[in-house]
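Subject: Structure handover

Hi,

Here is the structure I promised to pass on. Have a look at it first, and my notes follow below.

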Amino acid sequence: MTTLTGSLRRRFLGRPTVAARAQAAVRRPELAEDPAPINIAPNDPLLAYLQSARGPVDVQALQLDSPALAALKAADVKLAVPLVSQGELIGVLNLGPRRSEQEYSTDDRKLLDNLAAQAAPALRVGQLVRQQEAEARTRERFEQELEVARLIQQNFLPKQLPELTGWHMAAYYRPAREVGGDFYDVIPLPDDQVAFVIGDVTDKGVPAALVMAATRSALRAFAPRLIEPGAVLERANEHLCPDMPEKMFVTCFYGVLEPATGRFRFANAGHDVPYVKTADGAVELRARGMPLGLMAGMSYEQREMVLAHGDSVLLHSDGVVEAHDPQRRMFGFPRLKEAVATYPGGADVIDLVLTDLLAHTGPGVEQEDDITMVTIQRAPGSTSRLLLDFELPSVEGNERAALDRVGAAVATLLPEARLDRLKTAVGEATMNAMEHGNSYRADVPVCVRVLTEPEAVHVQISDRGRPPSGGPTETPDLEAKLAGLQRPRGWGLFLIKNMVDESREFTEGDLHTLELSMRLGAADDEHPGGTHDD
Amino acid sequence: MTTETAAGVRRRGRVALIDLVGDVNAAAADNLDHAWAEATADGPDAVVLNFAGTGYINSTGIALIVGLLAKARAGGLPIRAFGLSPHYREIFEITRLADFLAITGDEDSAVGAAPRDADSAMGTTGGTSYG
């Protein structure tokens with residue numbers, strides 16, 4: 001009945017009869033005035049009495065130990081007509097003395113009872129409409145706040161990752177609907193060092209986003225000056241503690257990479273332990289430290305490791321390991337560690353873990369928390385030997401020169417049929433680079449490099465100004481082409497895929513490269529990996 | 001090096017032969033169009049493409065051959081080929097061109113192929129009349 005206390009208000013609809021004289025009553029200035037409301041407390045016995053009353057109640061004659069009844073009597077209310085809808089008391093119609101100063105007649109009471117029976121459902125509908133409007137306004141405010149939180153967070157995430165020679169970076173961030181406090185950052189430091197940060201603010205929405213922004217700013221301010229991860233976290237903690245809202249704190253892993261050597265120093269303010277894929281399996285990057293903003297005067301253990309060629313670090317937020325399946329079992333650290341150990345590193349591990357997560361949670365389930373993953377992968381050790389390196393002007397027909405030169409360079413490495421396949425792929429890739437990458441601008445060259453390894457030969461064909469193809473390309477269908485449903489062209493990528501054992505695209509700076517690879521030692525009649533239906 | 005395409009037309013009986021010499025690429029488009037027009041002007045029973053003088057066919061060249069196939073289909077004209085290296089024969093198979101034109105080992109086989117054989121090659125797509 002708590003909800004009723006605010007809505008049970010005294011209303012004078014007129015004296016001495018209600019319906020017939022209501023309009024006259026409204027015209028009287030002293031009666032048209034809205035009197036002060038009389039609230040009925042939830043535990044007031046008057047509520048129970050009115051709820052069970054059959055018809056209008058004679059207020060002055062009623063004897064109850066009720067503050068509300070006393071207030072009604074003091075206000076000279078003669079009759080209280082309960083408004084009951086579907087068994088629920090939703091209001092009371094209170095009437096003062098009749099203008100004739102006679103008592104309310106039996107007919108008056110019957111009329112009022114009928115009126116109450118009609119008015120109660122209408123009043124209930126009105127109450128529900130107002131309630132729904134209020135709820136809609138609350139929802140709208142909530143959504144607006146979420147949008148603000150999203151904007152804050154996304155504005156403070158890196159727009160792009162650094163291009164470091166010999167390293168591959170990848171990042172994934174997907175906020176939950178009720179935006180959490182995940183963030184990551186990459187901070188350039190003196191001497192070509194780079195700091196990598198991943199963090200998570202407790203709480204959600206705008207408060208978490210604001211603390212995330214403050215933490216990021218603090219780290220960015222201290223990083224270039226202090227460099228050492230332990231010192232940076234210690235200073236950031238001192239900075240954040242005084243103004244940290246109650247019950248909020250920030251977990252944060254902070255690492256500094258020396259790209260030339262692979263040296264990686266790190267400290268951890270209570271964040272989920274990152275994993276490194278190494279030749280010996282998954283290694284944990286453990287270092288002791290309290291979350292930021294909890295307590296001043298904290299120090300942070302700093303440790304380091306050297307990332308070897310092929311090693312790949314995975315920084316992650318708790319949205320990954322704490323994702324639940326329908327039986328409420330968490331994805332868990334062991335499974336993530338196993339994934340790091342067995343999956344390829346770099347962007348691949350992100351894709352594969354996301355696939356596993358989807359299988360774990362089930363399709364169509366709302367994401368519980370923000371999910372953030374960042375990978376730092378050192379390129380595999382270079383056992384390759386540069387066999388050929390040349391440039392060609394982007395002029396139609398120059399693909400012949402490219403395939404002839406590459407063919408001559410690797411002629412002794414591949415059997416004839418596989419050599420022919422590689423040459424065809426090189427010709428097609430060079431045509432694509434000249435046409436789609438360099439728009440056949442003669443002054444913008446296509447770069448061709450041939451590298452050999454004990455197991456394979458790689459041909460890298462690079463152009464400028466073309467992003468990786470990304471989306472799916474149309475698979476050529478000869479019948480469709482003959483029927484005019486596909487354009488006659490469009491065979492280039494199809495041929496490339498079917499001619500070589502492997503092809504991959506990558507971008508470094510403004511250089512877009514397609515690498516074609518052929519295994520060495522494969523039999524002449526061994527067809528490349530792709531199927532004809534690719 | 002890139003070599004200019006020549007496309008000469010010969011006749012052996014009711015069969016027209018187009019001898020392709022040089023690279024089959026974008027630069028071959030005009031010559032190929034002219035050769036096709038000349039080869040089909042008098043309504044031959046079949047057209048044979050001779051690739052023996054060709055050392056390079058790229059994806060644009062394949063698109064040109066697709067164009068010829070489309071014209072042949074429209075006219076219900078059998079089209080055959082010979083002189084392909086094993087590599088380009090493989091490419092014709094991968095691209096399924098080999099499903100739509102009969103590939104033979106030499107000129108005599110291509111010219112002498114019974115119309116029924118040629119038709120059966122064309123017929124893999126559902127018949128000889130595509131008009």
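A quick definition before the sheets: two strands count as paired if DSSP finds at least two bridges between them. Helices (H or I, at least four residues) and strands (E, at least two) are DSSP runs, numbered from the N terminus. This is a predicted model, so bear in mind that local features need pLDDT of at least 70 and side-chain atom pairs count only at pLDDT 80 or more, while totals for chains, interfaces and linings use all residues. Residues are numbered from 1 along each chain as its sequence is written, and chains are lettered from A and ligands numbered from 1 in the order in which they are written.

**Chain A overall**

Chain A has 15 helices and 18 strands. Of its 534 residues, 38% are buried (20 or more other C-beta atoms within 10 Å of the residue's own; 12 or fewer is exposed, in between is partly exposed, and C-beta atoms are placed from the backbone). I call two residues in contact if their C-beta atoms, placed from the backbone, lie within 7 Å. Take the contacts in chain A between residues at least 6 apart in sequence: 69% of them join residues at least 24 apart.

**One five-stranded sheet**

In chain A, five strands form an open antiparallel sheet in the order S4-S13-S12-S9-S10. Strand S4 (167–174) and strand S10 (281–284) of chain A are at the edges with a single partner strand each, so one side of each has no neighbour in the sheet. From one strand to the next, the twist averages 20° (axes are lines fitted to C-alpha atoms, for helices over the stretch in contact, and angles run from 0 to 180 degrees between N-to-C directions). S4(A) pairs with strand S13 (residues 371–378) of chain A in the antiparallel sense, over 8 bridges, and His168(A) sits opposite Gln377(A) in S13(A).

Two helices go with this sheet. Helix H10 (residues 333–342) of chain A packs on the sheet and touches S9, S10 and S12 of chain A, its direction making about 30° with that of S9(A). Helix H11 (residues 347–361) of chain A lies across S4, S12 and S13 of chain A and runs at about 150° to S13(A).

**Another five-stranded sheet**

There is also an open antiparallel sheet of 5 strands in the order S14-S15-S16-S18-S17 of chain A. Here strand S14 (385–392) and strand S17 (502–508) of chain A are the edges, and each has a single partner strand, so one side of each is left without a neighbour in the sheet. The twist averages 20° from one strand to the next. Strand S15 (residues 446–452) and strand S16 (residues 456–464) of chain A pair in the antiparallel sense over 6 bridges, with Arg449(A) bridged to Gln460(A) in S16(A). Helix H12 (residues 399–410) of chain A packs on the sheet, touching S14, S15 and S16 of chain A, and its direction makes about 165° with that of S14(A).

**Where chain A meets chain B**

The contact takes 20 residues from chain A and 24 residues from chain B. On the chain A side, the elements giving two or more residues are H12, helix H13 (416–437), helix H14 (478–482) and helix H15 (492–499). H13(A) has the largest share, 5 residues.

**Cores**

A nonpolar core here is a set of buried Ala, Val, Leu, Ile, Met, Phe, Trp, Tyr and Cys residues joined through C-beta atoms within 7 Å. The largest one has 74 residues, of which Leu422(A), Val426(A) and Val48(B) touch the most other members. Leaving aside neighbours within four places in sequence, the contacts of Leu422(A) include Val410(A), Val459(A) and Met518(A). Another core lies apart from it, with 60 residues, among them Ala149(A) and Leu307(A).

**Two loop residues to look at**

Most residues other than glycine have a negative phi. Asp203(A) has a positive phi near 80°; this residue lies in the loop between strand S6 (194–201) and helix H7 (205–226) of chain A. Asp203(A) counts as partly exposed because it has 17 C-beta neighbours inside 10 Å. Ser439(A) also has a positive phi, of about 50°, and lies in the loop between H13 and S15 of chain A. With 13 other C-beta atoms within 10 Å, Ser439(A) is partly exposed.

Cheers
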